[in-house]
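This report describes one protein chain for a reader who is new to structures. Please keep the sequence and the model in view while reading.

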Amino acid sequence: MGLSGQLWTRRLTTEVMCRFPDRLAGHFDRKVHLVVDGHSAHRSRKVRDRLAAHPDDGCTSCPPYSPELNPDELVDADLKHSLPQQHRARNQAELAAETRRFFRRRRRRPRIVRGYFGGPRVRYDLDENPMSL
């Protein structure tokens, strides 16, 4: 999901990733912790240089092949588990609608969202940037 609540349908490129921290920070009145993983756009020299030039952005890099350290992977697993088992989306529009419903339900249950950051392997994020959901 994008910051506006819209699903992201474009390709995540190096240029998009370099602009993302600034766009993200513009939506919050407190520091935001950004977790990057092994995605090719995250590993590019341009992105690494941009993140190194702004160390106060609160960025954590996960080691390769370590989804258990990335709270976003827990969100993805929760989303996949919550999708209807009997009726699989037949097209992108149906999948987008199911995804929006999932995130609307999660917004009403902040305890579950906090849980993505509560596991022993992802506590680094919560300890460094306490959330007040």
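## Terms and basis

A salt bridge is a side-chain nitrogen of Lys or Arg within 4 Å of a carboxyl oxygen of Asp or Glu. Side chains of opposite charge can pair when their charged atoms come close.

The model is predicted, so local features need pLDDT of at least 70 and side-chain atom pairs count only at pLDDT 80 or more, while totals for chains, interfaces and linings use all residues. Residues are numbered from 1 along each chain as its sequence is written, and side-chain values use heavy atoms, with hydrogens and water left out.

## The chain as a whole

The protein chain has 7 helices and 2 strands. Helices (H or I, at least four residues) and strands (E, at least two) are DSSP runs, numbered from the N terminus. Starting at the N terminus, the order of elements is α-β-α-α-β-α-α-α-α.

Of the 133 residues in the protein chain, 29% are buried. Here buried means under 20% relative accessible area, exposed means over 50%, and partly exposed lies in between (1.4 Å probe, protein chains only). The accessible surface of the chain is about 9300 Å², and carbon and sulfur atoms supply 53% of that surface. Accessible areas come from the Shrake-Rupley method with a 1.4 Å probe, and for residues only the protein chains shown count as cover.

A contact means heavy atoms within 4.5 Å. Among contacts in the protein chain with a separation of 6 or more, 64% are between residues 24 or more positions apart.

## Helix 1 and its cover

Helix 1 spans residues 14–25, and its buried residues are Thr14, Val16, Met17, Cys18, Pro21 and Leu24. What covers these buried residues? The cover includes strand 1 (34–36), helix 2 (40–43) and helix 3 (45–53).

Valine 16, in helix 1, counts as buried because its relative accessibility is 14%. Leaving aside residues up to four places away in sequence, valine 16 touches Trp8 and Arg11. Valine 16 and valine 47 are 31 residues apart along the chain, and their C-alpha atoms are separated by 9.6 Å.

## Histidine 42

Histidine 42 belongs to helix 2. Is histidine 42 buried or exposed? Histidine 42 is buried, because its relative accessibility is 13%.

With residues up to four places away in sequence not counted, histidine 42 touches Leu12, Met17, Val36, Asp37, Val47 and Arg48. The C-alpha atoms of histidine 42 and threonine 13 are separated by 8.7 Å, and these two residues are 29 residues apart along the chain.

## Salt bridges

How many salt bridges does the rule give? The count is 5 salt bridges. Three of them are described here, one at a time.

Arginine 45 and aspartate 49 form a salt bridge whose closest N and O atoms are 3.6 Å apart. About one helical turn separates arginine 45 from aspartate 49, because they are 4 residues apart in helix 3. Arginine 45 is exposed at 54% relative accessible area, whereas aspartate 49 is partly exposed at 40% relative accessibility.

Glutamate 98 and arginine 101 also meet in a salt bridge through their side chains, at 2.7 Å from N to O. Both residues lie in helix 5, 3 residues apart, which is about one turn of the helix. Glutamate 98 is buried, with 15% relative accessible area, and arginine 101 is partly exposed, with 35%.

In a further salt bridge, the side chains of arginine 106 and aspartate 78 meet at 2.8 Å, N to O. This pair links distant parts of the chain: arginine 106 is in helix 5 and aspartate 78 is in helix 4 (residues 71–82), 28 residues apart. Arginine 106 is buried at 13% relative accessible area, and aspartate 78 is buried at 17%.

## A positive patch

Which residues form a positive surface patch? The patch is formed by Arg104, Arg105, Arg107 and Arg108. Patches are made of residues with over 30% relative accessible area and no salt bridge, with like charges joined within 9 Å and nonpolar side chains (Val, Leu, Ile, Met, Phe, Trp, Tyr) joined within 5 Å. Lys and Arg count as positive and Asp and Glu as negative, while His and the chain ends are not counted. The place of a charge is taken as NZ of Lys, CZ of Arg, CG of Asp or CD of Glu.

Arginine 107 is found in helix 5, which covers residues 92–107. Arginine 107 counts as exposed because its relative accessibility is 59%.
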